[in-house]
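Please look at the sequence and the model before reading on.

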Amino acid sequence: MQPFSGFSRGTVAVDALLFLKAGLIGLSIAAPVGPIGLLCIQRTLAHGARIGFVSGLGAAVADGVYGAVGAFGLAAVTQFFVTLALPLAVGGAAFLGWMGVQLYRTVPPARSSGAADDVGAWRAFASVFALTLTNPMTILSFIAVFATIGGGDAATTGTAAVIMVLGVFCGSALWWLALASAIAAIRQRIGPRVLQAINRTAGTFLLGFAIWQLITVLR
């Protein structure tokens, strides 16, 4: 039994290290402030930490979907998304621009809770999930990263692939939780006028991101 126990401990240690590496990757992917970060910050200020965190979870789940495709080496699925890269990018830019305009025109809502928040949470999750999925080139990034941390195989399978996908998701989710909690801590100090200014600034930036994405993919 002793050799088996030693092997088990060694396997657990290797799996834990792999999970940690994947978690750091997920954290580093989520951390840069871009359109998703701006949306989560604005939604946390307007609706509270829960809505902000749920919005971030939409991005984390989308990263997990693309991460799974990369980790399991699903070549056919990868090729399918890469083939659709242009229409998805254009659609994503249009969606992002629409969200920017809507956010610019939004009047800060009254504080609410209950059923309305539940509906808002689902919408917040779905919108960010869909927005994140419009960047299919993320699959290629995950394939390269997973090949590096997984020992050189782009098509990592089995337990290691599951561990890497869970690690990326948890690292990303941890970032969104930390961000939403930090922003929520100053939420009560911000009045309606300041919040409206933040909405307009964030909306302008989102529209700018959309225009930049269109120029990038169509040039």
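Leaving aside its neighbours within four places in sequence, which residues is Thr44 in contact with? They are Ala49, Gly52, Ala180, Ile183, Ala184 and Arg187, where contact means heavy atoms within 4.5 Å. The model is predicted, so that local features need pLDDT of at least 70 and side-chain atom pairs count only at pLDDT 80 or more, while totals for chains, interfaces and linings use all residues. Residues are numbered from 1 along each chain as its sequence is written, and side-chain values use heavy atoms, with hydrogens and water left out.

**Overall make-up**
- The secondary structure of the chain comes to 9 helices and 0 strands, both taken as DSSP runs numbered from the N terminus (helices H or I, at least four residues; strands E, at least two).
- Of the 219 residues of the chain, 38% count as buried, a term that stands for under 20% relative accessible area, with exposed over 50% and partly exposed in between (1.4 Å probe, protein chains only).
- Among contacts between residues at least 6 apart in sequence, 90% join residues at least 24 apart.

- Not counting residues up to four places away in sequence, Trp176 touches residues including Ala30, Ile36, Cys40, Phe53 and Leu57.

**Packing of α5 and α9**
- The axes of α5 and α9, which are lines fitted to C-alpha atoms over the stretch in contact, come within 7 Å and cross at roughly 160°, on a scale from 0 to 180 degrees between N-to-C directions.
- That makes α5 roughly antiparallel to α9, a label for angles over 145 degrees.

- Thr44 lies in helix α2 and is buried, with a relative accessible area of 1%.
- Ser172 lies in helix α8 and is buried, with a relative accessible area of 1%; not counting residues up to four places away in sequence, Ser172 touches Gly26, Leu27, Ala30, Ala60 and Asp63.

Conventions:
Angles under 35 degrees count as roughly parallel, over 145 as roughly antiparallel, 65 to 115 as roughly perpendicular and the rest as oblique.
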